[in-house]
Amino acid sequence: MTGENVEKEDLSGGDDEKLFMVCPVCGSPSIYQALGMIMGQHYKCPECNYSGSLVIEGNKEMVKEIREKYKEKKEG
Ligand SMILES: [Zn+2]
């Protein structure tokens, strides 16, 4: 069995178990659900202009990682 399990809970010892909905590209919590779409869910991120149906639910640590990776990419 291979593949990534997004909902894997292997973070131990953390008290930041609360999940945030963030942008999959830049990790911004400012992502919001665009209304008026007929076909399912659609999200938009004001920070990186991401637009799509995917959104990430992660805890503080996950969000931090995404943001750091995004920053690195952005800065080359
Ligand atoms: Zn974004």
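The structure is a predicted model, in which local features need pLDDT of at least 70 and side-chain atom pairs count only at pLDDT 80 or more, while totals for chains, interfaces and linings use all residues. Residues are numbered from 1 along each chain as its sequence is written. The chain holds one helix and five strands, where helices (H or I, at least four residues) and strands (E, at least two) are DSSP runs numbered from the N terminus. Along the sequence these elements follow the pattern β-β-β-β-β-α.

**Sheet**

- An open sheet is formed by three strands in the order β2-β3-β4, with antiparallel pairing; two strands pair if DSSP finds at least two bridges between them.
- The edges of this sheet are β2 (32-33) and β4 (51-52), each of which pairs on one side only.
- Strand β3 (residues 43-44) pairs with β4 in the antiparallel sense over two bridges, and Lys-44 stands opposite Ser-51 in β4.
- As background, strands of a sheet pair through backbone hydrogen bonds, either parallel or antiparallel.

**Burial and core**

- Of the 76 residues in the chain, 12% are buried; a residue is buried if 20 or more other C-beta atoms lie within 10 Å of its own, exposed if 12 or fewer, and partly exposed in between, with C-beta atoms placed from the backbone.
- The largest nonpolar core has seven residues, namely Val-22, Cys-23, Val-25, Cys-26, Ile-31, Cys-45 and Val-63; such a core is a set of buried Ala, Val, Leu, Ile, Met, Phe, Trp, Tyr and Cys residues joined through C-beta atoms within 7 Å.
- Among contacts in the chain with a separation of 6 or more, 47% are between residues 24 or more positions apart; two residues are in contact if their C-beta atoms, placed from the backbone, lie within 7 Å.

- Not counting residues up to four places away in sequence, Cys-26 touches Cys-45, Glu-47, Cys-48, Arg-67 and Tyr-70; Cys-26 and Lys-73 are 47 residues apart in sequence, with C-alpha atoms 9.9 Å apart in space.
- Cys-45, leaving aside its neighbours within four places in sequence, is in contact with Cys-23, Val-25, Cys-26, Ser-28, Ser-30, Ile-31 and Tyr-50.
- Val-63 lies in helix α1 (residues 60-75) and counts as buried because it has 21 C-beta neighbours inside 10 Å.
- Val-63 touches Phe-20, Val-22, Gly-27 and Gly-58, again not counting residues up to four places away in sequence; Val-63 and Met-21 are 42 residues apart in sequence and 9.0 Å apart in space, C-alpha to C-alpha.

**Helix α1**

- The 16 residues of α1 reach 22 Å from the first C-alpha to the last, close to the 22 Å expected at 1.5 Å a residue; the expected span is 1.5 Å times one less than the number of residues in the helix.
- The number of buried residues in α1 is one of 16, so the helix lies largely in the open.
- Just after α1, Gly-76 takes a positive phi of about 85 degrees.

- Asn-49 is placed in the loop between β3 and β4 and counts as exposed because it has 10 C-beta neighbours inside 10 Å.
- Although Asn-49 is not a glycine, it has a positive phi of about 65 degrees. Most residues other than glycine have a negative phi, and most peptide bonds are trans.
- Asn-49 and Val-25 are 24 residues apart in sequence, and their C-alpha atoms are 9.3 Å apart in space.
- Glu-57 is found in strand β5 (residues 56-58) and is exposed, with 12 other C-beta atoms within 10 Å.
- Leaving aside its neighbours within four places in sequence, Glu-57 is in contact with Leu-19 and Met-21; Glu-57 and Gly-27 are 30 residues apart in sequence and 9.7 Å apart in space, C-alpha to C-alpha.
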